[in-house]
Amino acid sequence: MPGIDKLPIEETLEDSPQTRSLLGVFEEDTAAISSYFSQLFKAMQRIYDAQNELSAATHLTSKLLKDYEKQRFPLGGDDEVMSSTLQQFAKVIDELSSCHAVLSTQLADAMMFPITQFQERDLREIVILKEVFQISSDDHDAAINRYSRLSKRKENEKVKNEVMEDVYTSRKKQHETTMHYFASLNMLQYKKKIALLEPLLGYMQAQISFFKLGSENLTQQWEEFLTNIGTSVQNVRREMDSDAEATEQTIQDLKAASDPLYMPDPDPNQIPVNRNLTRKAGYLNTRYKTGLVSSAWERQYFFTQGGNLMSQSRGAVAGGLVLDIDNCSVMAVDCDDRRFCFQITAFDGKKYVFLAHKSCTDLTIWIATINNISKRIYLSENPEEIAARVNQSALEAVTPSPSFQQRHESFRPSTQGRSKTGRSGSQCSAGSESPALSSLSLDSLVAPDTPIQFDIISPVSEEHTSQAKSGAQGRRTNPFGESGGSKSEESEDSILHQLFIVRFLGSMEVKATESADVIYETMRQILAARAIHNIFRMTESHLLVTCESLKLIDPQTQVTRLRFPLSSVVLCASHQENKRLFGFVLKTAGGREDGRPVTVCYVFESNNDGEKICDSVGLAKQIALHSEMDLEEQSRLIAASSRPGQPAADGQILVLSNSQSEDSDAGEEGQKKGESEA
């Protein structure tokens, strides 16, 4: 006999749409089996009830057996062995259709009993299990909906425990019912063959024993054929018994292993978090708008397919695209009416999806998986191995090591081919040249256990404090944190104005200021910390470079977020591999309680080349050193410092004469017209 198609019992707990679709095929096959066996039962019943109609009933049976190969069974329809066997039976039955009717008792024991037992016991059991399965599935969906509607603000522990117990009970009931239902459907494939072959075998044996002409009509060849069929039936029965034992053992093992999964929020100690996945599937709640300001939640089955996030409703044949998650950002967010929420934003920032899970463990796994897919790890040959290496490297990146050289062997950008002096725009330093890397240690660059600031907070220094106090005595304080008069005055006095679009990555306190390696080390630690803690949101600002200071301006309100005096910028450099990354080191006097200066490294990401920004800072430093030059000489210095072939879209240089008395707001508006899109 060929292999038997089976339902996967291991996937009953997941209850995916694919499993439901496969279950529909088995249910359709069961309906077809029930319909066919009903006709066969009626045919054999006619043989038993009316001896006078024995010939007609035998002919109908033979016809039905011949039509078996024309039946369209969703499962096992192309069973050539069964079709050929039934064709041979039909031939024999057709030859015996003109014979006398057999004894009723023989027909009742050998022919009617197996098929009656199959119809009344096996098929009826399938119908009952189907009804129980539908009821348990509806109860489970209702329990999940009640659990999802638990309010985060008004959390009642008693109600929460009752709902969680309801979810546990309904899920366990559904899982057990589904496993027994699947097992019965699998066993039906065996019982179908047995119930089809045994009555025919009994009928033939009754005919042989009844007719005295058996020796003439039935040759030795037919006896051997019947013997082979009987052996096949016994083999199928033994195979069914063996499969039933294995299925029962599988059900018991799955019940024991799945007990922690019945809880909606299982213990993280029992279910470890796997951060190395590049594929994930499961049910999530997604939020969609129902009106201008109102929204609702819907539970759907989500899965990843390559670099795409797909969703599929229960009962749907295939899933649909939700979001392209290549180079996307994902982060956990807070929600008033749901717990364990996270948001996925596309690479262009224009499209996002808001999802919620039932447990914190699965939330962490989903975020880690989407983060791995965003890095396109799934395109490699061994994605899980590479994801494990990346995550391990990220963990080791923030772990202090005894040697700077060992730690930067694979992470620090290569310095081969770069001249020791460098260009003045790419690296500007108030100190001397950096020593060899072999003599540097980690503690000489960055203090151990230094906190990282991921958001913009204005620096506190005595200079800013004294300026704020003196300004507050003589004039009215601007509620937006800056004075229009000082800004206009600085705009008029400064000959250099360059505007860049940047995004703040982070800042941290450093020790060394003599080498660009301190900026590279800061970049690496900030990026590694962002990857570990799943921090992907960045604050976008306009960086204004003048001869007096560096300003971070809010692009919407035009309020100055931070102002760095140019004299305090001691080092500026861009990343040698990722040119969009750059940073500068700021040294402020009297930043500590003991009066010692504080040195902080700020890291940014720009839209274009970071060296252009470093060049602009270097040019501003040169103009500040030659402040005694007249306006014409400073203009020639700016023209000589600009690189040939440099595009003027981003960071356009504006030379202002003394007669140009436009205010800084109008000047910044003119700057933004010439810059590239973010």
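1. Arginine 376 lies in the loop between H8 and helix H9 (383-397). The model is a predicted one, and in it the phi of arginine 376 is near 60 degrees, a positive value in a residue other than glycine. Most residues other than glycine have a negative phi. Arginine 376 is partly exposed, with a relative accessible area of 42%.

2. The helix that arginine 376 follows is H8, which spans residues 360-374 and contains 15 residues. From the first C-alpha of H8 to the last, the reach is 21 Å, close to the 21 Å expected at 1.5 Å a residue. Because 13 of its 15 residues are buried, H8 is largely enclosed by the rest of the structure.

3. Asparagine 327 is not a glycine, yet its phi is positive, at about 60 degrees. Asparagine 327 is located in the loop between E4 and strand E5 (329-333). With a relative accessible area of 46%, asparagine 327 is partly exposed.

4. Four of the five residues of E3 are buried, so that the strand is mostly covered. Strand E2 (residues 295-305) pairs with E3 in the antiparallel sense, over five bridges. Within this pairing, phenylalanine 302 has serine 311 in E3 as its bridge partner. E2 and E3 form a hairpin with two residues between them, and glycine 306 in the turn has a positive phi of about 65 degrees.

5. E3 is also joined to strand E4 (residues 320-324), by four bridges, and these two strands run antiparallel. Here asparagine 308 stands opposite aspartate 324 in E4. In terms of confidence, E3 has the highest mean pLDDT among the elements of the protein chain, at 91.

6. How many aromatic pairs does the model contain? The count comes to 17. One of them joins tyrosine 36 and tyrosine 68 in an edge-to-face arrangement, 5.9 Å centre to centre and with 65 degrees between the planes. This pair links distant parts of the chain: tyrosine 36 belongs to helix H1 (residues 17-49), tyrosine 68 to the loop between helix H2 (54-66) and helix H3 (80-95), and the two are 32 residues apart. Tyrosine 36 is buried, with a relative accessible area of 3%, and tyrosine 68 counts as buried at 6% relative accessibility.

7. Tyrosine 68 takes part in a further ring pair, with phenylalanine 73. The centres of these rings are 5.5 Å apart and their planes are at 40 degrees, so the pair is tilted. Phenylalanine 73 counts as buried, at 9% relative accessibility. Lysine 192 lies over the face of phenylalanine 73, at 5.3 Å from the ring centre.

8. Another charge placed over a ring involves arginine 299, whose charged end sits over the ring of tyrosine 283, 4.3 Å from its centre. Elsewhere, ring pairs link Phe504, Phe564, Phe582, Phe584, Tyr602 and Phe604 into a cluster.

9. The chain as a whole may now be considered. Its secondary structure comes to 17 helices and 16 strands. Of its 678 residues, 45% count as buried. Among contacts with a separation of 6 or more, residues 24 or more positions apart account for 71%.

10. Confidence is the final point. The protein chain averages a pLDDT of 75, and 74% of the residues score at least 70. The lowest mean pLDDT among the elements, 32, belongs to strand E16 (residues 654-655). Over residues 398-441 pLDDT stays under 50, and for this stretch the model has 80 contacts beyond four places in sequence. Over residues 643-678 pLDDT likewise stays under 50, with 70 contacts beyond four places in sequence. Where pLDDT is low, the predicted coordinates should not be read in detail.

Notes:
Residues are numbered from 1 along each chain as its sequence is written. This is a predicted model: local features need pLDDT of at least 70, side-chain atom pairs count only at pLDDT 80 or more; totals for chains, interfaces and linings use all residues. Side-chain values use heavy atoms; hydrogens and water are left out. Buried means under 20% relative accessible area, exposed over 50%, partly exposed in between (1.4 Å probe, protein chains only). Two strands pair if DSSP finds at least two bridges between them. The expected span of a helix is 1.5 Å times one less than its number of residues. Rings of Phe, Tyr and Trp (its six-membered ring) pair if their centres lie within 6.5 Å; planes under 30 degrees apart count as stacked, over 60 as edge-to-face and the rest as tilted. A charge sits over a ring if NZ of Lys or CZ of Arg is within 6 Å of the ring centre and within 35 degrees of the ring normal. pLDDT is the predictor's confidence in each residue, from 0 to 100. Contact means heavy atoms within 4.5 Å.
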